Amino acid sequence: MPQIQVDAGSADVPPTQQVRWAKYPLFALAIVAVGPSILAPFVYIGLRSFGIDNLDGYKMEFSGSTIAFMLVFPVVSAIANVSFFLLSKISVWRARKEWPHLLSVKIAMWFSLIAMCIPNTLLFIGTPQEMILKAPNAGQGSGLAIVGLFLTLPIFGLLGWFGGRLVAWALRKFQ
């Protein structure tokens with residue numbers, strides 16, 4: 001009876017199950033892009049259930065423009081947060097180049113992911129309220145925040161990546 005050999009992959013390229021951790025930035029992208037649109041109806045229902053119609057002079061409304069904003073915001077946010085997608089691709093690329101020594105790439109990816117998620121928390125917290133609370137002559141806060149994210153998020157990602165690589169180097173050096 002002949003023996004069947006199973007090829008587990010070459011030593012030069014990591015098997016796909018070894019690089020699954022590189023998809024975490026894509027999960028983070030989905031959360032920061034869609035999260036505020038999912039939270040806005042809950043904020044509205046919560047405020048209405050407590051009988052709050054006005055909040056610090058802001059009129060609360062849930063109209064067609066609010067729903068349109070909730071549908072458009074994830075697309076615009078995903079474009080602004082394209083750095084998360086790039087982080088995923090760069091992590092896989094570096095993992096293939098540095099296989100089988102992945103500790104440095106994993107730490108760098110996590111540091112970069114955390115560094116890019118911190119500025120997004122401000123947008124994640126503030127946007128649902130801005131979707132339902134309408135002030136006269138206002139509404140530019142989310143737009144300015146998204147432009148700021150688009151311009152600064154790659155810098156946060158790079159700082160996190162290099163910080164993670166530095167920590168991995170220190171761990172290897174002083175072990």
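Modeller: Let us begin with what is meant by a helix: it is a DSSP run of H or I that is at least four residues long, and helices are numbered from the N terminus. In this model, which is predicted, Tyr24 and Phe27 both belong to helix α1 (residues 24-49), where they sit three residues apart, about one turn of the helix.

Colleague: What pattern does the protein follow along the sequence, and how many helices and strands does the protein have?

Modeller: There are five helices and three strands, and along the sequence they follow the pattern α-β-β-α-α-α-β-α.

Colleague: How many aromatic pairs does the structure hold?

Modeller: The structure holds two aromatic pairs. The ring centres of Tyr24 and Phe27 are 6.2 Å apart and their planes stand at 45 degrees, so this pair is tilted; planes under 30 degrees apart would count as stacked, and those over 60 as edge-to-face. As for accessibility, Tyr24 is partly exposed, with a relative accessible area of 37%, whereas Phe27 counts as exposed at 52%. Between the rings of Tyr24 and Trp110 the centres are 5.4 Å apart and the planes are at 40 degrees, so that pair is tilted. Because Tyr24 lies in helix α1 and Trp110 in helix α4 (residues 103-132), the pair ties together parts that are 86 residues apart in sequence. Trp110 is itself partly exposed, at 37% relative accessibility, and ring pairs link Tyr24, Phe27 and Trp110 into a cluster.

Colleague: Which residue lies over the face of Trp93?

Modeller: That residue is Arg94, which is placed at 5.2 Å from the ring centre of Trp93.

Colleague: Turning to burial, is Ala80 buried or exposed?

Modeller: The cut-off for buried is a relative accessible area under 20%, and Ala80, at 3%, therefore counts as buried. Ala80 is part of helix α2 (residues 64-80), and, once its neighbours within four places in sequence are set aside, Ala80 is in contact with Ile146, Leu149, Phe150 and Leu153. The C-alpha atoms of Ala80 and Leu151 are separated by 8.3 Å, although these residues are 71 residues apart along the chain.

Colleague: What share of the 175 residues is buried, and what share of the accessible surface belongs to carbon and sulfur atoms?

Modeller: Buried residues make up 33% of the 175 residues, while carbon and sulfur atoms account for 69% of an accessible surface of about 11,200 Å². Of the contacts between residues at least 6 apart in sequence, 85% join residues at least 24 apart.

Key
Residues are numbered from 1 along each chain as its sequence is written. This is a predicted model: local features need pLDDT of at least 70, side-chain atom pairs count only at pLDDT 80 or more; totals for chains, interfaces and linings use all residues. Side-chain values use heavy atoms; hydrogens and water are left out. Helices (H or I, at least four residues) and strands (E, at least two) are DSSP runs, numbered from the N terminus. Buried means under 20% relative accessible area, exposed over 50%, partly exposed in between (1.4 Å probe, protein chains only). Contact means heavy atoms within 4.5 Å. Rings of Phe, Tyr and Trp (its six-membered ring) pair if their centres lie within 6.5 Å; planes under 30 degrees apart count as stacked, over 60 as edge-to-face and the rest as tilted. A charge sits over a ring if NZ of Lys or CZ of Arg is within 6 Å of the ring centre and within 35 degrees of the ring normal. Accessible areas come from the Shrake-Rupley method with a 1.4 Å probe; for residues, only the protein chains shown count as cover.
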